[in-house]
Amino acid sequence: MNALIFSAVSGVIMMFSSFLLNNKNSVRVLAHVLLLATIIANIFELRGISFFHIDTRGMLEFDRFALLFTLVANVCTFAFFLLSSRDLEKIGNHYSDYFSLLFFILAGIVVSSSFKSLLMLFLGIEILSIPLYILTGSDKRNLKSNEASLKYFLMGSFSTGLMLMGIALIYGATGTFQTGITVAEKVPVLLITGMMLLLFSMSFKVSAAPFHFWTPDVYDGAPTVVTSFMATVVKAAGFIAFMRLFAEEFGSIRPEWKLLVGIVAAVTLFIGNITAVFQQSVKRMLAYSSISQAGFMMLAIYSLSNDAKEGLILYAAAYSLATIGIFAVLVRMKDYTFEGFNGFAKQQPFLAGILVVFLLSLAGIPLTAGFLSKFYMLKATIDGGSLALAIFAVLMAAVSVYYYFRLIQSMYFKTGNATISGTTTGFKYTLAALAGITILLGIFPNLLTNWLYF
Amino acid sequence: MPINYYIFLSLTLFVIGIIGVLTRRNAIIIFMCIELMLNAVNLLLVAFSKMHYVTNVSKVTNAGSDGQLFVFFIMVVAAAEVAVGLSIIVMLFRNTHSVDVNFLNRLKH
């Protein structure tokens with residue numbers, strides 16, 4: 001509740017700051033301070049101190065899983081602010097509005113990760129998506145950005161329609177919107193149909209195959225700063241909502257959907273990884289890589305154990321930190337293709353070294369957070385009884401090494417003149433801190449997962 | 001009237017909406033079809049709400065009222081979506097002087 005109210009109020013404050021503060025620097029500092037306050041308030045709630053006592057009629061439940069994910073999302077957003085807030089300036093004139101939209105997205109993330117009622121799921125997903133449609137199209141003069149935003153908007157509202165139909169059918173079958181249904185021996189047809197529609201629409205939102213086709217276009221067309229936020233924090237939030245929905249609402253009819261989710265995970269892993277191999281632009285490669293990482297996160301929904309829960313939180317943190325870091329460097333590059341990175345290590349040895357850490361983490365090499373989060377997922381899958389799916393996931397992770405290492409190869413073993421602009425010392429140290437966290441979580445994952453229990 | 005009629009009617013409207021989204025090429029018409037899908041859901045929710053009221057009113061006095069509440073939330077969110085969606089379409093029209101989605105294939109390559 002703390003984080004929800006703080007981020008919603010921060011969004012409103014940022015809206016007013018556009019005419020109260022006429023200095024871009026002060027707007028930026030204000031955004032950082034407000035987000036820091038949100039993080040602190042959230043930590044207080046995680047420690048059992050809630051500032052607000054509001055009766056939500058059992059529609060929202062702020063359990064440790066939701067609170068911890070909110071914390072991870074907020075901290076990743078803070079890292080995003082530190083690294084990329086100056087690049088937000090370059091999108092357009094309405095600097096403070098972008099911040100206020102980002103805060104509203106954070107409020108949506110809190111709602112969609114702590115819902116107990118399907119009404120709140122719907123509202124949370126919508127609060128999170130509608131500002132994103134605007135942010136995607138925020139580069140108003142750029143046709144690619146316009147097109148991406150229209151495509152995202154049409155796809156997003158179409159999948160919202162499917163979700164609402166699913167919710168309506170479930171309401172017809174059970175008579176309530178509260179999660180945690182109990183079914184008799186025979187599962188009603190309406191419930192199964194509703195479950196399928198919800199599965200489709202959530203797959204749309206987290207871009208799992210076969211509903212991923214909008215992702216590369218939208219991620220490629222959106223301003224790179226926005227893509228960096230959209231592909232990380234928002235996608236992870238979608239997965240938390242997905243997991244919560246299927247664990248709590250459909251946990252009792254698990255045999256009906258387990259195979260289907262397994263197939264979706266396998267297809268997502270396959271399509272994401274194989275298509276990423278053929279990309280020439282790093283931005284587009286990262287878009288496909290986000291699809292393939294989504295396949296790994298689907299494994300958590302397939303297995304639904306405690307390990308899967310811990311793993312999903314760790315995965316969200318590892319994947320978001322690494323991808324935000326890579327995008328922060330990518331925004332400053334002149335050329336987004338793989339050739340644009342040729343000879344990068346000669347000019348910026350420090351940045352290149354940090355990028356290597358992030359890429360290794362995404363590929364899942366030991367001693368990085370990415371390895372342990374993949375390990376948790378695979379362990380949960382094997383415990384869930386599907387060795388074949390786990391083996392397939394490992395094979396696909398091996399494919400992913402190819403395109404991540406291709407970037408390392410261009411940076412270190414090819415000659416060229418990669419051009420990067422605007423790297424301040426502060427930027428480098430922040431990136432180094434992110435890389436430090438990535439390695440630290442790779443050695444002591446308990447630092448994060450213990451928060452789930454005490 | 002039995003509940004089946006309402007289910008068939010709203011499923012028909014919903015499927016018309018889906019077919020419209022998939023086949024039409026004008027952004028505004030696609031958008032209208034999406035609204036049609038949302039309104040089919042509204043109709044279904046109200047019908048279910050009445051159904052649950054009739055069956056459960058002896059046990060709970062306000063049975064089924066949450067379905068009608070949901071309808072209001074859908075209307076509010078749909079209005080917000082219209083505001084954002086139409087402004088995106090207007091922005092696109094200013095740049096390309098067209099609202100045809102076939103025109104939008106720059107991102108493919």
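Chain B contains three helices and zero strands. In this predicted model, the order along the sequence of chain B is simply α-α-α. The radius of gyration of chain B comes to 18 Å, well over the 13 Å that the globule rule gives for 109 residues, so chain B is more spread out than a compact globule. Its extent can also be read from the box that the C-alpha atoms of chain B fill along the principal axes, roughly 60 × 25 × 20 Å.

The unreviewed UniProt entry annotates residues 6-22, 29-49 and 69-93 of chain B as "transmembrane region".

We turn next to the partner chain. For chain A, the unreviewed UniProt entry places the annotation "domain: NADH:quinone oxidoreductase/Mrp antiporter transmembrane" on residues 117-397. This stretch of chain A is 78% helix and 0% strand in the model, and its end C-alpha atoms lie 36 Å apart.

The contact between the two chains draws 41 residues from chain B and 41 residues from chain A. Together the chains bury about 3700 Å², and carbon and sulfur atoms account for 79% of that area. Across the interface of chain B and chain A, six residue pairs are in polar contact, with both residues of each pair at pLDDT 80 or more. The elements of chain B that give two or more residues to the side touching chain A are helix 1 (3-23), helix 2 (27-56) and helix 3 (65-96). Of these, helix 3 of chain B gives the most, with 16 residues. Sorted by class, the side of chain B that touches chain A has 28 nonpolar, nine polar and four charged residues. As for salt bridges, the count between chain B and chain A is zero.

Conventions: Residues are numbered from 1 along each chain as its sequence is written. Chains are lettered from A and ligands numbered from 1 in the order in which they are written. This is a predicted model: local features need pLDDT of at least 70, side-chain atom pairs count only at pLDDT 80 or more; totals for chains, interfaces and linings use all residues. Side-chain values use heavy atoms; hydrogens and water are left out. UniProt positions are given in the numbering used here, feature names are shortened, and annotations may be inferred rather than shown by experiment. Helices (H or I, at least four residues) and strands (E, at least two) are DSSP runs, numbered from the N terminus. Contact means heavy atoms within 4.5 Å. Buried area is the accessible area (1.4 Å probe) that two parts lose on being put together, summed over both. A salt bridge is a side-chain nitrogen of Lys or Arg within 4 Å of a carboxyl oxygen of Asp or Glu. A polar contact is a pair of N or O atoms within 3.5 Å; within protein, one must be able to donate a hydrogen and the other to accept it, and residues adjacent in sequence count only if both atoms are side-chain atoms. Ala, Val, Leu, Ile, Met, Phe, Trp, Tyr, Cys and Pro count as nonpolar, Asp, Glu, Lys and Arg as charged, and the others, Gly among them, as polar. The radius of gyration is taken over C-alpha atoms; the globule rule is 2.2 Å times the number of residues to the power 0.38.
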